[in-house]
Amino acid sequence: MIVGVGIDVVDVARFVATIERVPALRTRLFTPDERDLPDASLAARFAAKEAIAKALGAPAGMSWQDATVRRAVGAQPVVEVVGTVRARADELGVSRFHLSISHDAGIASAVVVAERDA
């Protein structure tokens, strides 16, 4: 059963300019495993985190550090949640996330479906 759907789109150049202007955002928004990814991949991870929050109803108080997007070559991206994001997912009964991310032509996008068992 679908609990929520989230989508987000990020202008990569604008995102990179913001990160360069406020370097502390890289640490605030991304887990250590994500921080050194290429710019377009970072923008896509940010879009994914926004989409995750939207799929969970975008409650206040969730930490950016509590969601990580992992990707293995040739495999679908995987959402790992802990802490505040895990607590919200548990509150809603979310048992899994489905994530699609993309970046092309200067735009990064992500769609998330939060699902619970019937």
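Hi everyone, let me start with contacts. If we take the contacts in this protein chain between residues at least 6 apart in sequence, 55% of them join residues at least 24 apart. Please keep in mind that we are looking at a predicted model.

Now for the overall layout. What pattern do we get when we read along the sequence? The protein chain goes β-α-α-α-β-β-α-β-β, which gives 4 helices and 5 strands. The radius of gyration is 14 Å, close to the 13 Å that the globule rule gives for 118 residues, so the protein chain is as compact as a globular protein of that length. If you want to picture the dimensions, the C-alpha atoms fill a box of roughly 45 × 30 × 20 Å along the principal axes.

Next, the surface. Of the 118 residues, 37% count as buried. The chain exposes about 6400 Å², and carbon and sulfur atoms supply 55% of that. As for charges, there are 14 positive and 15 negative ones, and their mean positions are 2 Å apart.

Where is Arg45 found? Look at helix H3, which covers residues 39–55. Is Arg45 buried or exposed? Arg45 is buried, yet it has no salt bridge. A salt bridge would need a side-chain nitrogen of Arg within 4 Å of a carboxyl oxygen, and the nearest side chain of opposite charge, Glu34, is 4.8 Å away. Still, Glu34 is among the contacts of Arg45 once we leave aside neighbours within four places in sequence.

Terms used. Residues numbered from 1 in each chain as written. Predicted model: local features only at pLDDT ≥ 70, side-chain atom pairs only at ≥ 80, totals over all residues. Heavy atoms only, no water. Helix = DSSP H or I, 4+ residues; strand = E, 2+ residues; numbered from the N terminus. Rg over C-alpha atoms; globule rule 2.2 N^0.38 Å. Buried < 20%, exposed > 50% of the residue type's maximum accessible area, 1.4 Å probe, protein only. Contact = heavy atoms within 4.5 Å. Areas by Shrake-Rupley, 256 points an atom, 1.4 Å probe, with all protein chains shown as cover. Lys, Arg positive; Asp, Glu negative; His and termini not counted. Charge placed at Lys NZ, Arg CZ, Asp CG, Glu CD.
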